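Thanks for coming. Please look at the screen, and I will go through the structure piece by piece.

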Amino acid sequence: MIQSDMLSLIPILEMRMRLKMTLEREIFEDQILGMTRRHFFGQAGLSLGSIALAQMLSGSQVQSAETVAQNPLAPRRTMIPGKAKHVIYLHMAGSPSQLDLFDDKPELRKYTGKACPDELLKGKRFAFIRGVPNMLGSPFKFLKHGQSGTELSELWQHLPSVIDKVAVLKTVKTDQFNHGPAQLYLHTGTNQFGGASIGSWATYGLGSENADLPGFVVLTSGGKTPDAGKSVWGSGYLPSVYQGVQCRSEGDPVLFLANPPGLDRPGRRRTLDALKQLNEEQTKAIGDPETVTRIAQYELAYRMQMTAPEVMDISREPKHILEMYGAVPGFVPESDSAADPRTAYKATDAQFANNCLLARRLVESGVRFVQLFDWGWDHHGVSPGEDIVNTLPIKVRQIDRAITALIKDLDQRGLLNETLIVWGGEFGRTPMAQNSPNQKFPGRDHHPYAFTMFMAGGGIKGGQTIGKTDDIGYYAVEQPLDVRDIQATILNQLGLDPWKLHFNYQGLDQRLIGVEGKATLPKGLIA
Amino acid sequence: MSVRSHLGAKLVRNLCTLIVLSSFEVQPRIACADEAVKVDFARDVRPILSRNCFSCHGPDSVQRKAKLRLDVKADVFSDRGGWSAVVAGKVSESEIISRITSHDKAEAMPPGGPEKRLKPEEIATLTNWISQGAQWRNHWAFEKPVKTSLPESSNYRWGQNAIDSFILQRLHSAKITPNPEADKNTLIRRLSLDLTGLPPTSDQISEFLADTEADAYDRLVERLLASPSYGERWARIWLDMARFADTRGYEKDRSRPMWRYRDWVISAMNQDLPYDQFTRDQLAGDLVLGNTPEKRLATAFHRNTLTNEEGGTDDEEFRSAAVKDRVDTTMQVWMGLTFGCAKCHSHKYDPISQSDYYKFYAFFNQTADNDRGDESPFESFPNTVQVLEIKSLDQEITSMAEKSNIGPPKKADFDRLKSLHDKKNQILEACRTPIYQELSEKARRQTKIHQRGNFLDPGADVSAGTPESFPKLKKGLPANRLSVAAWLFDDENPLTARVAVNRHWAAFFGQGLVSTPEDFGSQGQSPSHPELLDYLAVTFRETGWSFKSLCRLIVKSATYRQASTVSLESAKLDPSNILLGRFPRNRLEAEMIRDSALRASGLLSPKMFGPSVMPYQPDGIWRSTYNTDKWVTSPGEDKYRRGLYTFIKRTSPYPAMLTMDAPSREICSIRRITTNTPLQALITLNDTVYIEAAQALSRRMYQYGNRNDVDQKIAYGLHLTLGRPAKFNELKILAALYQDRLAFYKTDQKSAQSMSTNPLGPLPEGFQMDEVASLTNIANVILNLDEFLTKP
């Protein structure tokens, strides 16, 4: 295999690899990752040469320790010390009612059915409320749980058992009150399209620990993708290699993963061997390092074909674990085939539970960022399948046991400390009942001023409630938080400095937390 | 330091490597630190000031500190009461130097700690600039381009046209010899891909190879420029910028017929509609006196903005978001400016104030569209096929009407008439395209500044006008979009021509002469060949803004016709190939990969125009909220159309395109950043589209030559895909694979059947299934070759 003409190619490849690195250069030249720019190039330059050399001389399997230039998802050092290696972000698309789940307001109950005072309506824009709506206290009881005495609605049956691991944030505020823009704002830092999602920032900053799997995986349930579409896990101005990869429970777990019918795995190996030999011929003739990179990508793809279905196969889990989550391998909910999935939701729908279990398996395998989107939380009360009294309890039962199991399971495996769990919607819901002309059930409109999210693990101090809202849950009165603070916390826990992690685009240093960098780490949240 | 202490020996080793490597990196910058070399203000100094100083000492008056601007000559040199920021020729008297070198925390600039400080070579550059006389020039891109005389190349003869003189001059001074001309197989493949987005057919290759006339290449260029595929290829680039898609975006993301606009762009490209007219029609076709349907259709360009149909949205909020998008897109596409930065506050780096932004916004704030669910105003633009359909329906309707005049009305006739009218309406609806329509005088909106970019926080009234620091509208022109279109093409406009030629250059060479095509402002990169950029810009204008002439000029250059092989010499001297001593290889664009596979396999449909189509897409991809639209694979040849015609749903773009770096078309996209990932490999290996292409290709191979001559069949497959004869080693490797696979498929007929027929369908009579299946494996390998996926 060793040929003298191959040896003479090495320097050329090394040089050419620098051309390929135009991309990486753009990405990293301003990025502060605890490395100076020069150091970065020095390191990359050296290892590129060695990889090309090793590969071509041995003709053997590609080295798994790819460098940044070989693989933009190769793991990188943190910028600051970080507690979390992984994030599991559970997004309840549509936005659940904080007032019926976390934020008990006895005072509000007293006013149920009474007209909303003028000062709460003046100068405000609502999505659906028109005129003067009535106040709506929660129909659900609240109880204190755990040593922390954290208050939870009776709808939560399982979460109380792990509540001392959980930090409840009651005063999160957002700028947006429509689903699409609010989801974009929360997940990409801007209400416009074109921003980069949190997960893509995480993989851009840190790479991924397992090259055989995507670094940023997205799982959806509830029958629909989030309102803002796939841009909420897009990479925006960052290169597309950092975008979230949607993994699916039906069909290929990763798109196009399976070999075509009639080509088995040994057969695929044979074709890839031939492909590799031919591409090496090409490298000899032209000397383009991009070809070397392409050879490596095909080998990665081959390994992903093996790894991803294994990791994605929850039927490999023991029975007690499946039961713990309420997971059912291969479960296809009826709601999936319903014209409006919300009308067919059942408390036993196991899709979200399956995704929680998958999330654990993915994190265990080194995936950096796992994001679950569960649709169907937009409870206006205008039509069946979207109200506070009937639908909300069903939705909570779909997630309660699974989230609790996820926290426990990560904990018992020693992974909770290094895995940050984030739960929440894109905004909250109004203390007023929605009053649409066609109102059929109790429901609430969109409320951006104060809503509840929670976090657990990943260096978060559990067993506490942060922030307090006023007597009816309209505004924050203690420790107001902003969506930007949540974004900053997630990056910070991963060891990425939210104020410094940036990407130069259109002449500006773009950041997840916005160009102005207005964010603070919530006091007392971090352990 | 703390970081370094962890690194130990590895760092030392790396740093050593670095020192070796850095000696050929960014030569101009390094060179400036050397006192002997003349510092170029625009290239060397201004970027340092912009990067480090302008955010506090720049155009933004709100953020400005010490009332000092370092982007304006007067401020930089003025006496500020005993001191000046810069005193030409006197380093020690220049305050700027004492500040950037100061160790006193209160004095040191830029503030913000050690990591904000200037690098030693940057300080050296500024010092040398001052000691060399501190020559000042405005930002290069804001000065009008001028054609300089062609550089005289001394004793080395090379080149076909003016481009080569500029390229050779730089190569010469870097002591790099340009590559020789690529072989003819490479040339026709490169040229076909660049001009038409398609690889050449086997006949086209043979014809070109056989043509030994001196002007064979020139005639090939003309043939390709005249090909209808030319318009399809160049429309693709424009449609990324026009954020063309088939749905409205946001939550419901319902479909919206915009395809007639796409077809308009293709036709405009094919007719070589001059850039100024092309622009005028799109920005203001509705305002052109005696405008035609074609011109009104062109205005759909700015109706490609998103419409938010989510329940409970404020239409004015999303109307103003759409107008902002139009303003930002206009300035991005034509002027290469990051104008959108000035929405919330004045631009930090370029002379664009917030009031400039809303003055320009005012031009675009007078159209009748208003984020409505019905997308009004709109107009139906039936295409040729539809016009004929409507004609025949009309005829039948007329004849039925005549018939009903004779006898008593019958129910059957009535039903028939109704169905004819329904059919006609369906056709009209399928081509009902949103367009621009100016509000009447009475209904015009008063534009106000949106404070902090918030439409709910109105500031001062502004009237329509162009940004202060750029040329004014020509006297006597009304303040409307038509005048904006004229202003963009005013002789004094420094940017429009440069930005366009740079983008065209990038389409051929993978990177523009300005490597930040989206930013020609102060924070953008300086051009690698400023004189060449200006030469092309002025020539583009002089040749009547003809894109085809521009293409012709570029592809006829020797620079373009070079081989792409990397010699050790040029790799060492110019690793990033900035100087273009070789042709840069680049991966094909998403659409080109699809089109190439379909063409090689013979499946590609030559059909042009019409509603967007749905090729194979895995099930379950579309799950938009409050939307029950379904992806239904198009019947017949429509599933084999060029990638350009694939239906684009914004919230759920076609996955194979997205993974191959195509944008989701929600906002204007000036360039695609090419990546190289395992997910891309999975597409060309396993996506049904590529499996079917492999099957079709294998059938072509199977039928070729002698029944038992496998080498011949493989060579034919390579010829169809790569456009060149096979090499000995390639045949050896693939023939071995063939025998191996054949042994397998002989024992597994079921697999052989799937591999050879699913999804393409049953084999023709007499085809040997196991042999075709084995060839399908070969074809699958060939369609994944680096060479196949790359422009040579």
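Helices (H or I, at least four residues) and strands (E, at least two) are DSSP runs, numbered from the N terminus. This is a predicted model, in which local features need pLDDT of at least 70 and side-chain atom pairs count only at pLDDT 80 or more, while totals for chains, interfaces and linings use all residues. Residues are numbered from 1 along each chain as its sequence is written, and chains are lettered from A and ligands numbered from 1 in the order in which they are written.

With those terms, take helix α28(B). Its buried residues pack against β6 (245–246) and α8 of chain A, and also against α26 (590–601), α27 (655–659), α29 (688–703) and α33 of chain B. Buried means that 20 or more other C-beta atoms lie within 10 Å of a residue's own; with 12 or fewer it is exposed, and in between it is partly exposed. Nine of the nine residues of α28(B) are buried, so the rest of the structure largely encloses this helix. Among them are P678(B), L682(B) and N686(B).

Now chain B as a whole. It has 33 helices and six strands. Its radius of gyration (taken over C-alpha atoms) is 30 Å, close to the 28 Å that the globule rule gives for 792 residues, so chain B is as compact as a globular protein of that length. The rule is 2.2 Å times the number of residues to the power 0.38. Along its principal axes, the C-alpha trace of chain B spans about 100 × 75 × 55 Å. Of its 792 residues, 50% count as buried.

Not everything is covered. D415(B) sits in helix α19 (residues 411–430) of chain B. Is D415(B) buried or exposed? D415(B) is exposed, with 10 other C-beta atoms within 10 Å. Its C-alpha atom and that of D75(B), 340 residues apart along the chain, are separated by 80 Å.

Next, the two chains together. In the contact, 87 residues of chain B meet 77 residues of chain A. On the chain B side, α28 (678–686) and α31 (728–747) are among the helices that each supply at least two residues. By class, that side has 32 nonpolar, 34 polar and 21 charged residues. Here Ala, Val, Leu, Ile, Met, Phe, Trp, Tyr, Cys and Pro count as nonpolar, Asp, Glu, Lys and Arg as charged, and the others, Gly among them, as polar.

Over to chain A and helix α10 (residues 351–364). This helix has 14 residues and reaches 20 Å from first C-alpha to last, close to the 20 Å expected at 1.5 Å a residue. The expected span is 1.5 Å times one less than the number of residues. Twelve of the 14 residues of α10(A) are buried, including C356(A) and A359(A). Just after the helix, G366(A) takes a positive phi of about 100°.

Last, the cores. A nonpolar core is a set of buried Ala, Val, Leu, Ile, Met, Phe, Trp, Tyr and Cys residues joined through C-beta atoms within 7 Å. The largest one has 309 residues, and C356(A), A359(A) and I421(A) are among those with the most contacts inside it. Helix α8 (residues 289–312) of chain A gives the most to this core, with eleven residues.

Technical notes. Contact = placed C-beta atoms within 7 Å.
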